[in-house]
Amino acid sequence: MTVAFFSGKGRRIGVALGAVSAGLLVLSACDKPTPLATVTVGDNSVSSEAACYNDGKPLKESEIQGCLNKKAEKSVKVAMDDKVRFGVDPEIADVGWTLFINGQQAEQEPYKKTYRSIPGSAFFASQTGEAPTDKTQISIVEAKGQKLTGVWHFQLEKTS
């Protein structure tokens with residue numbers, strides 16, 4: 001013989017409370033996604049979450065070089081006469097962002113708009129007298145003053 005400890009209504013309330021509790025537990029374990037950065041060439045577009053991001057707070061000095069040296073997971077093909085379009089989430093633009101080419105800062109002042117366009121030839125020309133390269137790593141770096149707060153990586157691959 002089965003004994004009912006709870007009425008039908010009590011069981012439904014218990015199940016509902018259990019489901020809500022489990023849902024909250026799952027949500028609390030999730031990380032908030034980082035803002036996205038996107039590179040578009042022609043009709044090819046790749047987006048990426050940050051390689052390093054501390055929820056808008058400055059990255060630790062000890063982490064910065066490692067973040068800048070991480071390899072890009074996303075790549076896009078670029079011809080010399082293509083326009084390379086960079087887009088960032090508004091929260092990145094509000095703080096300001098700059099481009100790094102192969103780990104070296106390419107511009108001094110942060111850019112404060114969500115979108116910009118640069119000729120593809122700018123990324124494959126040799127600045128130091130070395131032979132031109134067929135691959136270039138571009139990093140979008142969010143910075144508050146001198147403090148880096150986020151890094152996004154993309155690889156540009158030169159096509160003929």
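Cys52 and Cys67 form a disulfide, with 2.0 Å between their sulfur atoms. The model is predicted. Its mean pLDDT over the chain is 83, and 76% of the residues score at least 70. Three aromatic pairs turn up in a search of the whole structure.

**Disulfide**

- The count of disulfides comes to one.
- Cys52 lies in strand S3 and Cys67 in helix H2, so the bond ties together parts that are 15 residues apart in sequence.
- The link of Cys52 and Cys67 is left-handed, with -100° about the S-S bond.
- Cys52 is buried, at 8% relative accessible area.
- Cys67 is buried too, at 4%.

**Helix H2**

- Helix H2 spans residues 61-69, and its residues Ile64, Cys67 and Leu68 are buried.
- These three cover an arc of only 90° around the axis, which puts them on the same side of H2.
- An α-helix has 3.6 residues a turn, so residues three or four places apart point the same way.
- The buried residues of H2 pack against strands S3 (52-53), S6, S9 and S10 (147-158).

**Phe86 and Phe123**

- Among the three aromatic pairs is an edge-to-face pair of Phe86 and Phe123, 5.9 Å centre to centre with 65° between the planes.
- This pair links distant parts of the chain, 37 residues apart.
- Phe86 is in strand S5 (residues 83-88), while Phe123 is in the loop between strand S8 (115-119) and strand S9 (135-144).
- Both Phe86 and Phe123 are buried.

- Trp97 belongs to strand S6 (residues 97-101) and Tyr111 to the loop between strand S7 (104-105) and S8, so the pair ties together parts 14 residues apart in sequence.
- Trp97 is buried, with a relative accessible area of 0%.
- Tyr111 is partly exposed, with a relative accessible area of 26%.
- Arg116 lies over the face of Trp97, 5.4 Å from the ring centre.
- The charged end of Arg116 also sits over the ring of Tyr111, 4.2 Å from its centre.

**Confidence**

- Over residues 24-29, pLDDT stays under 50.
- For residues 24-29 the model has zero contacts beyond four places in sequence.
- Where pLDDT is low, the predicted coordinates should not be read in detail.

Note on methods:
Residues numbered from 1 in each chain as written. Predicted model: local features only at pLDDT ≥ 70, side-chain atom pairs only at ≥ 80, totals over all residues. Heavy atoms only, no water. Phe/Tyr/Trp six-rings, centres within 6.5 Å; stacked < 30°, edge-to-face > 60°. Helix = DSSP H or I, 4+ residues; strand = E, 2+ residues; numbered from the N terminus. Buried < 20%, exposed > 50% of the residue type's maximum accessible area, 1.4 Å probe, protein only. Lys NZ or Arg CZ within 6 Å of the ring centre and 35° of its normal. Arc of directions from axis to C-beta. Contact = heavy atoms within 4.5 Å. pLDDT = per-residue confidence, 0-100. Disulfide = S-S within 2.5 Å.
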